[in-house]
Amino acid sequence: APSISRHCPGCPMIDRLISLFSSTAPFAQYVIANYIPDVRRFESRNIGVFVWIPGAIRAKFLPPERAATFVGDLKMYDRWIKFWSDRISSDEFVHCSNSTPKDSPLYLDALLNTQKGCYRLRLASEMLTDIPSDRLEIVVERLFNELVVPQPNALDKLAEPPSERYTVLD
């Protein structure tokens, strides 16, 4: 890394990249929660999002009434949401008698090692920006709206009358 900075001494972008990649602190990361009605076909629906920064995690899930059209068992869905809400409210994640603190870089790995059945978590991405803990809820809300909230289907739009799809200019 020091050889890069010799090519561009004092360059803020290079200095930032060096500090990011030489840092031992992990980046903020987010996880998508999926519901898979038929695990053989593995066709999933996004039902929630988790955002983790060292020492803090927040999540948001589709309310049961919004998931009722595709989730087979709403009681199980409610239990699943409660399970994750309880687990992430603790200072550490405990699974199979192993305990992982929220500030550990292995925290998300511990969450991801709980995969079974129709409910799955998958690591989606790292964020190359610092997220202060007081802005975590805003990031969760934005990712939830972008990745989980059902968007209008393009095929549904084609079923609308042309007068509602296009603006006619006189």
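**Entry 1. Helix α4**

I began with α4 and its length: at 1.5 Å a residue, its 16 residues should span 22 Å, and the end C-alpha atoms are 22 Å apart, which agrees. The expected span I used is 1.5 Å times one less than the number of residues in the helix. Helices here are DSSP runs of H or I with at least four residues, strands are runs of E with at least two, and both are numbered from the N terminus.

I noted the source before going on: this is a predicted model, in which local features need pLDDT of at least 70, side-chain atom pairs count only at pLDDT 80 or more, and totals for chains, interfaces and linings use all residues. Residues are numbered from 1 along each chain as its sequence is written, and side-chain values use heavy atoms, with hydrogens and water left out.

Which residues of α4 are buried? I found Tyr-77, Trp-80, Ile-81, Trp-84 and Ile-88. They lie on the same side of α4, because they cover an arc of only 95° around the axis. The arc is taken from the directions that run from the helix axis to the C-beta atoms. Buried means under 20% relative accessible area, exposed means over 50%, and partly exposed is in between, with a 1.4 Å probe and protein chains only.

I then looked at the face of α4 turned away from the buried side, and it carries the exposed residues Lys-75, Arg-79, Lys-82 and Ser-89.

**Entry 2. The whole chain**

I counted eight helices and six strands in the protein. From the N terminus on, I read their order as α-α-β-β-β-α-α-β-β-α-β-α-α-α. The protein has 170 residues, and 31% of them count as buried. I took contact to mean heavy atoms within 4.5 Å. Among contacts between residues at least 6 apart in sequence, 55% join residues at least 24 apart.

**Entry 3. The core**

I looked up the largest nonpolar core, and it has 41 residues. Such a core is a set of buried Ala, Val, Leu, Ile, Met, Phe, Trp, Tyr and Cys residues joined through side-chain atoms within 4.5 Å. Phe-50, Tyr-77, Trp-80, Leu-111 and Leu-121 have the most contacts inside this core. The elements that give it two or more residues are β1 (28-35), β2 (45-53), β3 (56-61), α4 (74-89), α5 (107-112), β6 (119-127) and α6 (136-147).

I followed Leu-121 and left aside its neighbours within four places in sequence. Its contacts include Val-31, Ile-32, Ala-33, Phe-50, Trp-80, Trp-84 and Leu-111.

**Entry 4. Helix α6**

I repeated the length check on α6: its 12 residues should span 16 Å at 1.5 Å a residue, and its end C-alpha atoms are 16 Å apart, which agrees. Its buried residues are Leu-136, Val-139, Val-140, Leu-143 and Phe-144. They cover an arc of only 130° around the axis, so they sit on the same side of α6. What covers these residues? I found that the cover includes β1, β2, β3 and β6.

The side chain of Asn-34 makes a polar contact of 2.6 Å with that of Asn-46 and another of 3.1 Å with that of Arg-122. A polar contact is a pair of N or O atoms within 3.5 Å; within protein, one must be able to donate a hydrogen and the other to accept it, and residues adjacent in sequence count only if both atoms are side-chain atoms.

Ser-44 is in the loop between β1 and β2. I noted it as partly exposed, because its relative accessibility is 37%. Not counting residues up to four places away in sequence, Ser-44 touches Asn-34, Tyr-35 and Ile-36. Its C-alpha atom is separated by 8.8 Å from that of Cys-118, which is 74 residues apart from it along the chain.

**Entry 5. Two loop residues**

I found Phe-27 in the loop between α2 (12-22) and β1, and at 15% relative accessibility it counts as buried. The C-alpha atoms of Phe-27 and Leu-128 are 101 residues apart along the chain and separated by 6.4 Å. Cys-96 is in the loop between β4 (92-95) and β5 (98-101), and at 59% relative accessibility it counts as exposed.
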